[in-house]
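Got your viewer open and ready? Let's walk through this one stop by stop.

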Amino acid sequence: MFIMIACWQQTKVQDSVEDRLAETYKEAAVSITITTLTDVLAFYIGIMTPFRSVQSFCLYTGTTVLFCYLFNITFFGAVLALNGKMVILAFAITMHKSQSQSFHRVVLYQ
């Protein structure tokens, strides 16, 4: 999640949301995928231990890491896209307000 946010913040704000999200995934997806695969593999290998408590821990933790990966790739990307659209909308509203206020100031001072 932090890697995706860092990559999102490094994109150009002037680009479209789709381009920014594509750039974010291009930069972050490889490192997130490799890290997740190694972590899940390590935890699933831990299932072969003779200790029942360690087996349970490794099974649940490996599955949790896998679900976190799926969450980051699907849902969190959608949240980033919605955030990007919200920023564009907030910028447009702010610019509209500042332009209308400057118009009123010009009218009042004339």
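The bend at a residue is the angle between two axes, one fitted to the seven residues ending there and one to the seven starting there. Helices are DSSP runs of H or I with at least four residues, strands are E runs of at least two, and both are numbered from the N terminus. With that in hand, select A28: helix 2 bends there by about 40°.

Before going further, note that this is a predicted model: local features need pLDDT of at least 70, side-chain atom pairs count only at pLDDT 80 or more, and totals for chains, interfaces and linings use all residues. Residues are numbered from 1 along each chain as its sequence is written, and side-chain values use heavy atoms, leaving out hydrogens and water.

Now select residues 17-45, the whole of helix 2.

Which residues of helix 2 are buried? Color V17, R20, L21, T24, A28, I32, T36 and V40; buried means under 20% relative accessible area, exposed over 50%, and partly exposed in between (1.4 Å probe, protein chains only).

Next, jump to M1, in the segment before helix 1 (2-9). M1 counts as partly exposed because its relative accessibility is 40%.

Finally, zoom out: the protein has 4 helices and 0 strands, in the order α-α-α-α along the sequence. Of its 110 residues, 23% count as buried.

Conventions: The expected span of a helix is 1.5 Å times one less than its number of residues.
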